[in-house]
Amino acid sequence: MAETRIRASGIVTPTRGAPRLTVSLDTLRLERDATGRVTGSRRVAGSADQDAGKETGLLLTEAAERTASAVAGLQSAVAQIHEWRDGDGLPVSRRAELLARVETPGGPVLLGTSGPGDPAGLVEALPWDELGALSTPFAPADPPGDWRERPLLLRPSAASVLVAGAAFSLTSRGGRATAARLAGRRILPQLTLTDLPSAPPGSGLNGSGLDASALDASALDGAALDGAALGASGLDDRGDPALPTVLVDGGRICPPPPLAEGIARGRAVWDHDTGGFGPPPLARLELGGPLAEVPPDAVELVWCVEGLQRYHGDGTVRLQCLARVADRPGGWFRLALRGKPVHLLRQARGLAGPPMAVHSDSDVTTRSLVLAGAAEMEGAGHAVVTVITP
């Protein structure tokens, strides 16, 4: 039973003339056994990958043009289109990713998103209005005198870093032991953090003609799933059901997901070059929770300035963010936020605004995150928030 995977990757960089665009294609034909486990692969070529390559080029060209009209500071943009096809070459699923590094008067920032299906809408899904607010004339300002008492509002670009850090702290080798010890305890305020599978619905099952009844019952790990549920979820490359894994449920820590061959069940990805299995190249995460109104006096952390280390060996994150206050538009200043991701999320007051898919070193879908004020978080010993002077 066979299936085909297409990956079109591209990068665009500005030059004195026209932007330089490079696109590469990688198409694999994979074979699965009767249990759904990938047993081998070979590289092939065809018309479908050429189409994906053209779409990748168009996506990057549009991103470069849109960035130039907003801030005129594109450093580079990368994009990938992933396509899964069944044994007959018919499409099963698609997913696209776009990430641009943009130079602004306030420093370099990342602009990224991802999503399933047609990639044509990715460029317009990016927060261009917020990026445009950083264009010249850019006026650095001093924060208001009471900024430490005001609630913090982390826009999705900044909130995604905390979400990814919290997920890593619960799924890393040391984090799994902590999650097992704290399982069932409520440590976060009604937030739900979910790890999503990289395998698309129907992969390895409907797409390759497998029958759910042929699967070893042990692959379900005790889950009460029928064939329809398996078909809706699909299989990973080891043949395990690729299901969402809840890491935190309504604030309560969940037991860590079981491992098989050192990889979380349902997350194995075939590596053609090594001929073995590995974890997904990046995590797909989703943060949910109670909704809150955007505080009218909030200090908004809108963009993280790039080029600085975010994650540190002691488990903390350090974000240097371009910030503004909601009731004084136009004036920007820099704030540094440091703390352990789970500790910072304990200070959440709710989620605000529409959800956004943020793509960088992880794929994170989150709304803006409302946190307590700097003084309150520091008083609880959960954070250090400082103003960065020029």
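Predicted model: local features only at pLDDT ≥ 70, side-chain atom pairs only at ≥ 80, totals over all residues.
1. Helices are DSSP runs of H or I with at least four residues, numbered from the N terminus. On that basis, helix 4 (156-171) gives the most to the lining of the second largest pocket, with 5 residues.

2. Besides helix 4, at least two lining residues each come from helix 5 (173-182), strand 9, strand 10 (245-249), strand 13 and strand 16 (284-288). By residue class, this lining divides into 17 nonpolar, 7 polar and 6 charged residues.

3. Arg-267 lies in the loop between strand 13 (263-264) and strand 14 (269-271), while Asp-195 belongs to strand 9 (residues 192-196), so the pair ties together parts that are 72 residues apart in sequence. Both Arg-267 and Asp-195 are buried.

4. The largest pocket has a volume of about 910 Å³. It is lined by 44 residues, with Arg-7, His-82, Trp-84, Val-269 and Pro-281 nearest its centre. Two or more lining residues are given by each of strand 1 (2-13), strand 2 (20-32), strand 4 (74-85), strand 5 (91-104) and strand 14. Strand 4 provides the largest share, 6 residues. The lining consists of 19 nonpolar, 10 polar and 15 charged residues.

5. Across the whole structure, 21 salt bridges are found. One of them joins the side chains of Arg-148 and Glu-378, at 2.3 Å from N to O. Arg-148 is in the loop between strand 7 (139-140) and strand 8 (151-154), and Glu-378 is in helix 8 (residues 374-379), so this contact ties together parts 230 residues apart in sequence. Arg-148 is partly exposed, at 27% relative accessible area, and Glu-378 is likewise partly exposed, at 25%.

6. A further salt bridge connects Arg-324 with Glu-300, the closest N and O atoms being 3.4 Å apart. Arg-324 sits in strand 18 (residues 317-325) and Glu-300 in strand 17 (residues 299-304), so the pair ties together parts that are 24 residues apart in sequence. With the burial cut-off set at under 20%, Arg-324 is buried at 16%, and Glu-300 is buried at 6%.

7. Finally, a network of salt bridges links Glu-3, Arg-5, Arg-32 and Asp-237.

Methods: Residues numbered from 1 in each chain as written. Heavy atoms only, no water. Salt bridge = Lys/Arg side-chain N within 4 Å of Asp/Glu carboxyl O. Buried < 20%, exposed > 50% of the residue type's maximum accessible area, 1.4 Å probe, protein only. 1 Å grid on protein atoms, 1.4 Å probe; cavity = no way out; pocket = protein on both sides within 12 Å on 5 of 7 lines; lining within 4 Å. Points joined across faces, edges and corners; volume = space filled by probe spheres on them. Nonpolar A, V, L, I, M, F, W, Y, C, P; charged D, E, K, R; others polar.
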